[in-house]
Amino acid sequence: MTNAYEPQKIEPRWQARWQSEAVYRALNPGDPGFDPKQKKYYVLDMFPYPSGSGLHVGHALGYVGTDIVSRKKRMEGCNVLHPMGWDAFGLPAEQYAIQTGKHPRATTNENTRNFKRQLELIGLSYDWSREIDTSDPKYYRWTQWLFNRLFEKGLAYRTSVPVWWCEELKTVLANEEVINGRSERGNHPCVRRPLEQWMLRITSYAERLLADIDAVDWPESIKIQQREWIGKSEGAEIRFALDGHDTHSLTVFTTRPDTLWGATFMVLAPEHELVQRITTPQQRAAVEQYVKASATKSELDRTDASKVKTGVFTGCFALNPAFDVADPRAKVPVWIADYVMLGYGTGAIMSVPGHDERDFEFARKFDLEVREVVAPPKGHKGLADGECFTGEGTAVNSGPIDGLATKAAKARAIEWLVSRKLGSARTTYKLRDWLFSRQRYWGEPFPLLHLADGTTVAVPDDELPVLLPPMDDFKPASDGSAPLARVPEWVNTVDPRSGQKARRDTDTMPGWAGSCWYWLRFMDPHNQTAPFSKEAERYWGPVDLYVGGAGHAVMHLLYARFWHKVFFDAGLVHTNEPFQRLFNQGMVTAYAYQDAGSRLVPSAAVEASGDKYVNAETREPLTQIVTKMAKSLGNVVNPDDMIAEYGADTFRLYEMFMGPLADSKPWNTRDIPGCKRFVERVWRVFVEPEGDAPIRAQFAAGAQVPAIQGDTLTLERSLARALKRADDSFQNLNLNTAIAGFMTFINDATPLLPAMSRSQGERFLRALAPFAPHLCEELWSRMGMPGLIVQAQWPVAEAHYLIEDEIDLPVQVNGKLRATAKAQKDADNAQLEAIARSAVENHLAGKEVVKTVVVPGRLVNFVVK
């Protein structure tokens with residue numbers, strides 16, 4: 001045994017010991033040793049997609065944070081479930097296969113092995129006996145089984161919808177995967193085109209997804225994003241007849257039915273099914289050109305309020321039902337414009353330019369009538385001032401609702417529409433059904449059969465999984481058909497129940513499918529008869545702490561809640577929500593470099609020139625910026641390198657010491673030595689740098705116990721503050737403050753080392769253990785303590801040591817602070833006055849004190865002439 005601190009030797013040894021003794025294994029009901037009275041705690045990381053580039057230090061931030069929480073909860077006596085697995089289906093592996101010919105299965109296996117190696121290197125306390133892989137048939141058998149439950153309930157259906165098509169990726173992308181008309185992955189151009197797709201009816205759960213978000217402990221920013229994405233609106237549907245088209249009419253949804261009398265034109269989404277039918281020959285060319293241009297724009301781009309409004313007149317007119325047909329106000333022109341979205345409401349709007357900003361801008365640009373039907377309250381500007389008034393006021397120029405305040409006018413307008421069979425009250429949502437098809441190979445096959453009689457049926461549960469067939473060529477066809485369509489022996493089959501000829505569905509599920517229920521499989525990962533047992537789900541659910549990036553607010557988190565509610569309705573789970581507490585870790589940023597055109601330049605092409613940076617090839621000046629870590633920018637920091645140089649404990653401490661877990665913060669390798677020095681100081685406190693003794697004598701078994709007085713009492717108070725600070729840091733996961741407290745204690749202990757007791761040493765190590773487990777396990781062992789420190793009890797500060805005996809006493813002269821003196825907390829007024837006089841003696845010299853004010857524990861004030 002050496003007295004040098006050598007993390008490269010210490011850390012692998014303890015990692016092997018923890019693994020061999022399965023100390024992180026969570027016990028399920030029915031397992032030997034399971035205690036039903038033991039409190040459970042389920043802490044879950046958003047499991048990663050195993051990319052070829054492996055983990056960087058930014059990925060590790062959340063993983064280290066949840067590991068520290070898990071370790072503390074175990075020390076507090078909880079049965080902790082802290083699992084890890086792989087969200088392994090998806091486009092990257094398939095794209096790599098297309099480029100290299102290497103099968104996605106082989107790539108995924110290599111990547112998961114590397115990820116696991118890196119996570120183990122960091123010393124993360126995962127229960128690896130529960131490891132899952134969404135691309136493993138043993139897993140996706142149950143993803144298919146759960147999809148069948150949605151299919152049985154009518155929540156999965158196939159329809160032709162306008163979708164985002166990426167020619168480069170040869171696949172359909174969800175709305176959330178397209179940003180400004182380009183694919184989120186790869187930044188390839190995308191266009192809208194109609195295609196038969198599988199959809200999930202998430203809109204059937206819109207109201208519950210909205211209402212139940214208030215019941216969970218989630219960041220308010222995530223709740224707001226989900227509320228806005230669901231986008232509940234209450235109002236009315238109104239039918240407009242079309243002039244010259246007796247067989248067609250337009251239905252619009254509006255939240256302001258009271259403004260119907262101010263509708264002076266209508267606008268359709270370019271994709272609306274009536275556009276082609278109602279467009280006049282004179283306008284057809286212009287309309288078709290506009291429709292084509294709109295198909296290349298993203299939803300964000302189309303709805304950007306700052307963009308100049310564009311549109312084309314169809315040549316058709318609608319009839320406003322608020323007026324008699326003979327009234328000249330009844331006939332309103334019908335336009336198309338890309339700021340109207342097909343998926344929201346009905347894809348058509350009645351435009352009220354007097355009281356809607358978008359309509360007002362559109363009307364001014366195309367010289368359309370603007371009519372006031374809501375008079376603003378006194379002091380507010382309106383059309384008389386050349387401005388659009390969008391608030392609540394009083395109905396004017398509105399026939400039967402004239403004179404009513406907006407709230408009453410809305411209700412009366414709906415009554416008026418219903419009584420004339422012109423409309424009805426309605427609640428609508430911005431949320432759209434979830435596009436659930438991909439024309440790719442590397443995904444879960446749909447467990448469906450298309451029969452010869454035109455019906456579609458689910459593959460029987462006992463026939464699952466429907467396996468992906470072996471393939472060598474994964475490239476989608478030029479017409480967009482899926483790769484699976486090229487395997488006729490797989491596609492063509494027979495329905496085992498009816499004996500009919502059948503075709504398998506050749507689309508695959510999106511990458512989101514496996515992550516829609518994985519937290520449930522972790523509860524019971526080896527179950528071969530069900531996705532999870534009711535006993536395991538009732539014990540472990542819901543997830544107590546779920547940690548991941550805020551970027552998943554309206555995709556994974558919304559989809560997961562939807563599936564969980566379906567399972568709840570089916571009696572598969574006992575909770576209405578999957579994740580009780582959600583925590584978003586911040587982003588670890590790094591330096592990158594951009595040129596005068598704001599183009600990012602890879603770090604490898606950057607050269608320092610004095611205190612400035614230049615492009616090494618062109619010598620063009622560059623600006624240093626802080627951005628996310630990305631392989632393409634050459635600013636990724638690999639945790640392997642940090643651990644090789646500094647050790648896993650130093651790496652873990654630095655990850656947490658950078659700042660609160662929720663905050664984004666820049667990575668700076670030059671700061672790591674500070675944490676390394678702290679670890680080495682802890683080592684030197686416990687281990688003599690010279691000699692053969694494994695531990696200082698005062699910390700060895702049987703060491704004399706010093707009385708808690710003098711310097712030992714000082715250290716006891718310092719330790720109590722450190723323990724209290726550590727405990728408090730877990731409330732909001734500001735774990736940096738715990739480390740600061742540990743550092744303060746070591747600073748206090750170093751000069752008073754002879755007075756430090758074995759008890760103080762072992763309590764300090766127990767508190768530090770979740771943060772630096774290898775170091776603490778080694779020192780715990782050297783102290784001769786029984787068992788492993790990872791299974792020891794979490795230390796709690798003794799409250800009476802947190803009470804300070806002395807106070808800082810402000811001393812004033814004529815109300816002005818002149819000194820601060822130390823005084824015993826229980827000193828009486830006479831003692832406080834004497835201490836205060838001594839502290840401001842020079843300010844009182846030669847002066848008459850006419851009054852002394854003593855506020856015990858607060859201040860002393862001398863009033864002098």
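Helices (DSSP runs of H or I, at least four residues) and strands (runs of E, at least two residues) are numbered from the N terminus. This is a predicted model, in which local features need pLDDT of at least 70 and side-chain atom pairs count only at pLDDT 80 or more, while totals for chains, interfaces and linings use all residues. Residues are numbered from 1 along each chain as its sequence is written, and side-chain values use heavy atoms, with hydrogens and water left out.

Figure 1. The C-alpha trace spans about 100 × 85 × 65 Å along its principal axes. Of the 865 residues, 52% are buried (under 20% relative accessible area; exposed is over 50% and partly exposed in between, with a 1.4 Å probe and protein chains only). Domain 1 covers 232-428, domain 2 covers 588-627 and domain 3 covers 804-864, with bounds that come from an automatic or database domain assignment. Between domain 1 and domain 2, the C-alpha centres are 50 Å apart.

Figure 2. With a relative accessible area of 14%, alanine 458 is buried. Leucine 661 is 203 residues from alanine 458 in sequence, and their C-alpha atoms are 45 Å apart in space.

**Figure 3. The cis bond between glycine 541 and proline 542.** Omega of this peptide bond is about -10°. Proline 542 is part of the loop that connects α15 (534-540) to β22 (545-548).

**Figure 4. Two asparagines with positive phi, Asn397 and Asn814.** Most residues other than glycine have a negative phi, and most peptide bonds are trans. Asparagine 397 has a phi of about 50° and sits in the loop between β15 (394-395) and α12 (406-419). Its relative accessible area of 46% makes asparagine 397 partly exposed. For asparagine 814, phi is near 55°, and the residue is in the loop between β30 (806-813) and β31 (816-824). Asparagine 814 is partly exposed, at a relative accessible area of 44%.

**Figure 5. Aromatic pairs, of which the structure holds 48.** In phenylalanine 313 and phenylalanine 317 the ring centres are 5.5 Å apart and the planes meet at 70°, so this pair is edge-to-face. Rings of Phe, Tyr and Trp (its six-membered ring) pair if their centres lie within 6.5 Å; planes under 30 degrees apart are stacked, over 60 edge-to-face and the rest tilted. Phenylalanine 317 is partly exposed, with a relative accessible area of 28%. A cluster linked by ring pairs is made up of Phe147, Phe151, Trp198, Trp434, Phe436, Phe446, Trp512, Tyr559, Trp563 and Phe567.

**Figure 6. Arginine charges over tryptophan rings, at Trp165 and Trp218.** The charged end of arginine 193 is placed over the ring of tryptophan 165, 4.2 Å from the ring centre. Arginine 561 has its charged end over the ring of tryptophan 218, at 5.9 Å from the centre. A charge sits over a ring if NZ of Lys or CZ of Arg is within 6 Å of the ring centre and within 35 degrees of the ring normal.

**Figure 7. The second largest pocket, with a volume of about 560 Å³.** Among its 28 lining residues, Val161, Met199, Gly343, Arg432 and Asp433 are the closest to its centre. Strands β3 (156-166), β7 (190-200) and β16 (423-429) each supply at least two lining residues, and β3 gives the most, with 6. By class the lining has 14 nonpolar, 8 polar and 6 charged residues. Here Ala, Val, Leu, Ile, Met, Phe, Trp, Tyr, Cys and Pro count as nonpolar, Asp, Glu, Lys and Arg as charged, and the others, Gly among them, as polar. A pocket is an open set of points on a 1 Å grid over the protein atoms alone, with protein on both sides within 12 Å along at least five of seven lines; a cavity is a set where a 1.4 Å probe fits but cannot get out, and lining residues have an atom within 4 Å of a point. Points are joined across faces, edges and corners, and a volume is the space filled by probe spheres set on them.

**Figure 8. The second largest cavity, of about 30 Å³.** The whole structure has 2 cavities of 30 Å³ or more. Lining the second largest cavity are Arg71, Arg74, Met75, Ala769, Pro770 and Val790. Its lining comprises 4 nonpolar, no polar and 2 charged residues.
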